[in-house]
Amino acid sequence: MKTIYLIGFMGSGKTTVAEILCEKLDVPLIEMDSLIEKREGRAIKEIFAEKGEAYFRQLETSLLEEIPLENMVVSTGGGAPINSINQKLMRRGTVIFLDASFQVIQERLSQDENRPLWKGKEQEKERLLQERWPVYQQVADITIDVEDKSPESIADEILNVWK
Ligand code: S3P
């Protein structure tokens, strides 16, 4: 199978769904944020604060360049599909957009302090989602509406549509 890339906004459930997909497909998981944190020896929040967002974005692109083209499930960072080079790299595989509403995202991230771009006024956060939404939609081969669905049922839906 071609490598599957899960894309979507912060809090859309990419990692949880990716873990289930990996089990069902018996392939390894690449969780981009965790791998970047491990390699850099610090949290994303610290990478942004100490080296800046542009540095983090370069790390994302380098990682995407390394990922095998087959037999992986990749949970991407919410900003990864914005860069056109990253889009090309991901489109070598199957790209699946987990489409969550702002309301759901907001509830899930209400206590979150680890995501440097989840900050500021509610309107600014919503605007970021609105700006990114068409990009996610355009990059994806498959869009899955994740509203009111369990991670397990989302994974099953992906497998049904994808196979
Ligand atoms: C980001 C999303 C985060 C992480 C970083 C930047 C973004 O990943 O890569 O904080 O730009 O949306 P998650 O989507 O896993 O939260």
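How are α2 and α4 oriented to each other, roughly parallel or roughly perpendicular? The angle between the two helices is about 110°, and their axes lie 11 Å apart. The helices α2 and α4 are therefore roughly perpendicular to each other. Angles of 65 to 115 degrees count as roughly perpendicular, under 35 as roughly parallel, over 145 as roughly antiparallel, and the rest as oblique. Axes are lines fitted to C-alpha atoms, for helices over the stretch in contact, and angles run from 0 to 180 degrees between N-to-C directions.

The model is predicted: local features need pLDDT of at least 70, side-chain atom pairs count only at pLDDT 80 or more, and totals for chains, interfaces and linings use all residues. Residues are numbered from 1 along each chain as its sequence is written, and side-chain values use heavy atoms, with hydrogens and water left out.

Helix α2 spans residues 32–40 and helix α4 residues 53–66. Helices are DSSP runs (H or I, at least four residues), numbered from the N terminus. Contact means heavy atoms within 4.5 Å. On the α2 side, the contact includes Met32, Leu35 and Ile36. On the α4 side, it includes Tyr55, Phe56 and Leu59. The contact residues divide into 8 nonpolar, no polar and 5 charged. Here Ala, Val, Leu, Ile, Met, Phe, Trp, Tyr, Cys and Pro count as nonpolar, Asp, Glu, Lys and Arg as charged, and the others, Gly among them, as polar.

The largest nonpolar core holds 52 residues. Such a core is a set of buried Ala, Val, Leu, Ile, Met, Phe, Trp, Tyr and Cys residues joined through side-chain atoms within 4.5 Å. Buried means under 20% relative accessible area, exposed over 50%, and partly exposed in between (1.4 Å probe, protein chains only). Leu6, Leu98 and Ile158 touch the most other members. Helix α1 (residues 14–25) gives the most to this core, with 6 residues. Leu6 touches both Leu98 and Ile158.

The whole structure has 9 salt bridges. A salt bridge is a side-chain nitrogen of Lys or Arg within 4 Å of a carboxyl oxygen of Asp or Glu. One joins Lys24 and Asp156 (3.0 Å, N to O). Lys24 lies in helix α1 and Asp156 in helix α8 (residues 151–162), so the pair ties together parts 132 residues apart in sequence. Lys24 is partly exposed, at 36%. Asp156 is also partly exposed, at 32%.

Glu53 and Arg57 form another salt bridge (2.9 Å, N to O). These two residues are 4 apart in helix α4, so about one helical turn separates them. Glu53 is partly exposed, at 33%, whereas Arg57 is buried, at 18%.

Conventions. Lists of a residue's contacts leave out its neighbours within four places in sequence.
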